[in-house]
Structures are given as C-alpha cells and as structure tokens.
Amino acid sequence: MNLTVFGIGYVGLVQAAVLAEVGHDVVCVDVDAAKVERLNQGFIPIFEPGLEALVRDNHAAGRIVFTTDAALAVRHGEIQMIAVGTPQGEDGSADLKYVLSVADAIGREMAGPKIVVTKSTVPVGTADKVRETMLAALKLRGREELGFDVVSNPEFLKEGSAVADCMKPDRIIIGTDSEAAEAVMRELYAPFNRNHEKMIVMDVRSAEFTKYAANCMLATKISFMNEMANLAELLGADIEEVRKGIGSDPRIGYHFIYPGLGYGGSCFPKDVRALIRTAGDVGFEPVLLHSVEARNNAQKAVLFDKLKAHFNGDLAGKTFALWGLAFKPNTDDMREAPARVLMEALWAAGAKVQAYDPEAMNEAQQIYGQRDDLTLCGTKEAALRGADALLIATEWKNFRAPSFELIREQLATPVIFDGRNLYDPAVVARHGIKYVSIGRKAAG
Ligand code: UGA
C-alpha cells in the first residue's frame, strides 16, 4: 500500500521503517530539510537498536523515501499518518500546532480520498480538530466533495526496543467509526496480525484516551513503587524483597514495579501532565494523577538528598562520578532524565561531575556544552578517578558487574549511591565499599 508519514521523529521513523520492511511503499516527510538530507545520505538521527539497518535496507530498495515536499507526499499515500511532535505547552497541555498544520497541508494538497491517521499521542478530541482543519482547507479550495476519514491509531513503542515493539505489537488500537477505514487499516497492519488477533477496534475518542490511560497506569505503578521504597527504608524493610513478593501475584505482575529515581523520557512526564490538564478542562479533579506526578518529582531528588546527608550537607568542591545520563538504558535520550536533575543539583551545591554514559555523551555535550564542573569521560572507569563517590542513574547492562576492586581503588572515598538498585548490598560491603541504594538499608 502507499503510505505517507508526516514527521520523521522517533515514532514516525520507526513506524515507517517497519511498514516499509513488510512491503509497503512509504514516503516520509518532514519540514527539517537538514534532517531529510542526512537521512537520504544514510545518517540516522537517533540511536535505536536495529533501526539503522532497517532504514538503510529499505531506503536502498526504494520502499522508503525521505522528502520535504508536502505536496508530493500528500499525493503519494492513500493513508496519511501524522507522527509529528506534540510538545508540552506552557499550561501542561499538548500543543497541537504541528498536528494541525499537517492536517491543513493534507486538506490543501489532497486530490482524492484519504485516510488520515493520528499516530502521535494526542488529547481526546484531537481527531475532531484534525477533521475541522481539513474541512476548512478543502472549503478554501472549493473541494469539500473530497472524502476522508480520520482514524486514531496510537503508538505503544518503547525507546530502546522500538523496532521490536513495532514488529511484534502487543495490540494495535484502531479508533474509527468508518467500516471502510477499518478495512484499510486492517490491510495495512495485516502482516503484524497473523498469528492471533491483535487489532482492537473502537470509537475514536476511546482510542485517543487508551494511550493516555496506558501511560498514566504505568507511571502510577512506578510512583506507587517509589513511595513503597521510601517507606520501606523507614520501616527497615528491603523493597527488592517486597518487589519479588508482590510481583509474584499475577494481578500485580513483575513489570514496571522497579523502584528508582522516578520516570523520565519524552512520554510519561508529558502525558501525565497533559491528562491532568485535560481533566481540568472538563472540570474533573484527578487526585491520583496529581500524586503520581508529585511523587515522581520528589523521587528525582532522593539520591541527591542521601548524598547530601552522607557528606553532612557539604558538597562544595567535591567531585562525583556519575554512571548513566540517558533516562533509561538503550537510548541516548536525556529528556526529563533523573540524571539531569541530579547533576544540576550537584552543580548548584558547588560540586563537580565526571560522567559516563554508553550512548548519551553527545547528547550531554549538546545540552550542557563546555563547563568547568562537567567532565565527560570516555569510559566508566575513567569517570571514577579521584571522585568522592560513585553515583548510578541509569541501569545500563555493562554497569551490572563492575570490578568493585577498581571502584574502591579509584574513588577517593569508597561509597556508591545507586539509584537503580543494581547490586547486592552484601557483595558491595564485602569489597569494603559503603553502599546506599533505594528502599534498602545502607550497607558497608
Ligand atoms: C513509554 C511506554 O512504556 C510505551 O508503551 C509508550 O509507547 C511510550 O512511553 C510512548 O508514549 O511513546 P518509554 O518512554 O520509551 O515508553 O520508556 P519506558 O520503558 O516506559 O520507561 C519510562 C520511564 O520509567 C523510564 O525513566 C524508566 O526508567 C522508568 N521506569 C520504568 C521505572 O522507573 N521503573 C520501572 O519499573 C519501569
């Protein structure tokens, strides 16, 4: 099928590449000419396992094309997928200006029937706004007779496993009130719906809301667990034991109950805030969501507070090794990363940071530039040299079994503050290192 994808960001690029891989002809369009040119030269703007090869192969085979030409792009696709960003507006709501400018462009350029699919995470009611915007553009051209459907088809991919999530989705949510549009969407996703039925078809508003409800549920699990972790410390319990104890109940499950430094990334923080805002718009007080957000904001400061207590409030002039900058492993994304909150608090207290991350070094360089109190180190070992403590903010695989001897030798004072509970406290203590983690008693 011929498909057009607007917006070559995370969601758009991964979804386009995966749909091209199964044989669809995809035109990707973006307003960022430099990005389009670099993609045409084979440069992939994000780090995502498996994506580079997928884009390269399908580009070479001509199944995926990158352009800035919106008119050409609109002509190409029977399906027009909107995957542009929905940045957070000043009031916490999702800003729809990019989504609606795409709707306007489709309305201005279309010459035949189209199915317009919203893929970006958009507030309930956005499909109606897309429809109105397109109708207004068609009216200006005197072409109101041109038919179209607006379908909500939210994305559930996770950064770091986005290609795999797209290739093997848990579910494909289709929000539409049109049987014809449903049939076209079924054809588009047929390659991913072979073994068992993954399509869940519903009305448009329910589909839009499903995305927010899913992310807010997951954010709630995390904030709940962080609250339990903080409480466990005060009660002399070990949250890692409690986690196993409750996760074994299938009604609770093991997923998304890892305590830590709070959720970050481009989705959970933004989506929780946006739903709070949406609830306010309809006069509803979302008490639970407010608490989920408040717990998360407080959680990002937990490691810093422990550090401050350990050094009796005196962090000025000290140097700290920081392992992990990305908001989670397998990505270079630092948006709303707990590591940023930690680093910025350290700087404000007059401390210096020697940081290492397997993928996010360029990102950190771009965000913070050159500064005296940040050294970006080439290896995790180099970050340790002479530091007053090691801090861990991201659970990258290669942080899991470090040489504790080397850590003890390299640090000026042997203490680890672990925001991800990577180690067994008894093992770290055996190596003569003090170990402070989340929701467990300090050891060593
Ligand atoms: C999230 C959802 O998991 C996806 O299903 C959704 O499609 C996506 O948002 C989106 O809306 O586009 P993502 O933001 O890539 O995906 O990352 P997650 O793996 O969900 O992690 C989010 C945050 O929660 C990270 O900061 C992670 O460290 C934290 N987390 C996760 C915990 O603190 N504890 C856990 O047990 C799990």
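## Domains and the ligand site

The domain bounds used here come from an automatic or database domain assignment, and a residue is taken to be near a molecule if its C-beta atom, placed from the backbone, lies within 6 Å of it. In this predicted model, the chain is divided into domain 1 (2-201), domain 2 (212-298) and domain 3 (300-436). Domain 1 (2-201) and domain 2 (212-298) both give residues to the shell around the ligand, so the ligand lies between them.

The ligand is surrounded by 20 residues, of which the closest are Glu 159, Tyr 258, Tyr 263, Gly 265 and Cys 267. By residue class, the shell around the ligand is made up of 11 nonpolar, five polar and four charged residues. Helix 9 (residues 204-235) gives the most to this shell, with three residues.

## Contact between domain 1 and domain 2

The C-alpha centres of domain 1 and domain 2 lie 30 Å apart, and where the two domains meet, 10 residues of domain 1 are in contact with nine residues of domain 2. On the side of domain 1 that touches domain 2, the residues divide into four nonpolar, four polar and two charged.

## Strand 4 and its partners

Strand 4 (residues 79-82) is covered on both faces, with Ile 79 and Met 81 buried on one side and Gln 80 and Ile 82 buried on the other. Strand 1 (residues 2-6) pairs with strand 4 in the parallel sense over four bridges, and within this pairing Val 5 stands opposite Met 81.

Strand 4 is also joined to strand 5 (residues 114-118) by four bridges, and these two strands run parallel; here Ile 82 stands opposite Thr 118 of strand 5.

## Val 18 in helix 1

What surroundings does Val 18 have in space? Val 18, which is found in helix 1 (residues 10-21), has 25 other C-beta atoms within 10 Å. A residue is counted as buried if 20 or more such atoms lie within that distance, and Val 18 is therefore buried.

Leaving aside neighbours within four places in sequence, Val 18 is in contact with Val 163, Cys 166 and Met 167. Val 18 and Cys 166 are 148 residues apart in sequence, yet their C-alpha atoms are 6.8 Å apart in space.

Key
Residues are numbered from 1 along each chain as its sequence is written. This is a predicted model: local features need pLDDT of at least 70, side-chain atom pairs count only at pLDDT 80 or more; totals for chains, interfaces and linings use all residues. A residue is buried if 20 or more other C-beta atoms lie within 10 Å of its own, exposed if 12 or fewer, and partly exposed in between; C-beta atoms are placed from the backbone. Two strands pair if DSSP finds at least two bridges between them. Two residues are in contact if their C-beta atoms, placed from the backbone, lie within 7 Å. Ala, Val, Leu, Ile, Met, Phe, Trp, Tyr, Cys and Pro count as nonpolar, Asp, Glu, Lys and Arg as charged, and the others, Gly among them, as polar.
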